[in-house]
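Try each task before reading its solution.

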Amino acid sequence: MSGAPRPFRFGVNMFTVDDAASWTSRARHVEDLGYDVLLFPDHLGAPSPWPALAVAATATQRLRLGTFVLNAAFTNPALLARDVATVDRLSGGRVELGLGTGYAKNEFEAAGIDFGTPGRRVDHLSSTVRKVASALDDPGVEPRPVQARVPLMVAGNGDRVLRVAADHADIVAFTAARTSRDGELRLLTADDFESRVAFARRAAGERVPDIEWNLLVQVVAVTDDPESVFERTPGATEAAGSAEAFAELPTVLVGSTAEIAERLVGLRARTGISYISVHEPALEEFAPIIPLLRAADA
């Protein structure tokens with residue numbers, strides 16, 4: 001990539017909320033470990049993102065708070081803009097809004113929403129992105145967010161979603177997985193993933209320098225035994241076939257802390273990806289890698 005790289009940022013996708021005391025304690029711990037963004041997904045059968053983020057806002061000082069990502073089909077743009085603005089005010093201007101099409105067919109059925117075709121879901125995402133951004137930017141719509149512009153993330157993998165992201169998003173997030181018609185995810189190979197990144201960057205054109213590029217990592221293992229990680233990871237054989245191929249997947253980080261940090265520096269140099277997100281189970285394991293990558297930016 002030409003030009004100076006963006007500084008690294010780090011997010012963690014949290015899943016569980018027990019009670020106020022434990023949740024606020026965990027939010028503070030995320031901040032203390034050096035993460036930049038506390039993220040919350042949007043799935044039926046799991047806690048609601050906005051109340052969780054609002055409570056986390058009261059327990060933290062600098063930590064940004066985001067959705068990773070909201071299912072656009074589950075929300076109304078006007079109501080979503082109200083939620084975003086409210087939590088942005090409660091947090092003193094720390095909200096980041098992430099949106100996607102949704103992919104889990106069973107969740108659409110449970111919500112009584114037509115799963116439809118991939119094309120229809122992308123159309124709905126595109127409409128939601130434009131309407132929410134318009135409402136958040138409109139000085140006549142109350143409540144107003146604190147931020148002049150709430151950063152917008154769009155996540156996905158297919159051509160149409162990546163075009164929406166390239167046209168409208170401040171942050172483009174790569175899932176690095178294909179979705180079947182029934183919503184089953186299949187991790188991409190390194191070559192397939194980098195072709196997706198190249199496609200999105202071409203689609204963004206002159207906007208490339210203005211966009212922050214994100215990757216959600218699925219597996220983090222600080223170890224000198226990658227074979228054992230392969231053997232204990234569900235779906236690894238189907239995704240890669242061998243431990244060597246599995247360790248090369250873009251969503252898999254296996255090795256020493258120094259090796260993982262070096263790999264992410266290389267990923268940024270090749271693809272421009274500087275914003276790395278991990279899932280809650282990797283919260284502690286990934287944390288020692290953060291200062292190594294901060295040092296790379298010093």
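**Exercise 1.** Which handedness does the crossing of α6 and α7 have? Describe how these two helices pack in this predicted model.

*Solution.* 
- Start with the handedness: α6 and α7 cross in a right-handed way.
- Next, locate the helices. α6 covers residues 159-168, and α7 covers residues 190-204.
- Take the geometry. The axes lie 8 Å apart, at an angle of about 45°.
- Classify the angle. Angles under 35 degrees count as roughly parallel and 65 to 115 as roughly perpendicular. The pair α6 and α7 is therefore oblique.
- List the residues that meet. D159, L162, R163, A166 and D167 come from α6; R196, F199, A200, A203 and A204 come from α7.
- Sort that contact by class: six nonpolar, no polar and four charged residues.

**Exercise 2.** At what angle do the axes of helix α1 and helix α2 cross, and which residues make the contact?

*Solution.* 
- Find α1 at residues 20-32 and α2 at residues 49-59.
- Their axes cross at roughly 65° and come within 9 Å.
- The crossing of α1 and α2 is right-handed.
- W23, T24, A27 and R28 of α1 make the contact with A52, V55, A56 and A59 of α2.
- By class, this contact of α1 with α2 has six nonpolar, one polar and one charged residues.

**Exercise 3.** Is E96 buried or exposed? Which side chains make polar contacts with its side chain?

*Solution.* 
- Read its relative accessible area: 6%. Buried means under 20%, so E96 is buried.
- The E96 side chain makes a polar contact with the side chain of R9 at 2.8 Å.
- The E96 side chain also makes a polar contact with the side chain of R64, at 2.5 Å.

Methods: Residues numbered from 1 in each chain as written. Predicted model: local features only at pLDDT ≥ 70, side-chain atom pairs only at ≥ 80, totals over all residues. Heavy atoms only, no water. Axes fitted to C-alpha atoms, helices over the stretch in contact; angles between N-to-C directions. Helix = DSSP H or I, 4+ residues; strand = E, 2+ residues; numbered from the N terminus. Left-handed = near helix turned anticlockwise from the far one by under 90°. Contact = heavy atoms within 4.5 Å. Nonpolar A, V, L, I, M, F, W, Y, C, P; charged D, E, K, R; others polar. Buried < 20%, exposed > 50% of the residue type's maximum accessible area, 1.4 Å probe, protein only. Polar contact = N/O pair within 3.5 Å; in protein donor to acceptor, adjacent residues only side chain to side chain. Parallel < 35°, antiparallel > 145°, perpendicular 65-115°, else oblique.
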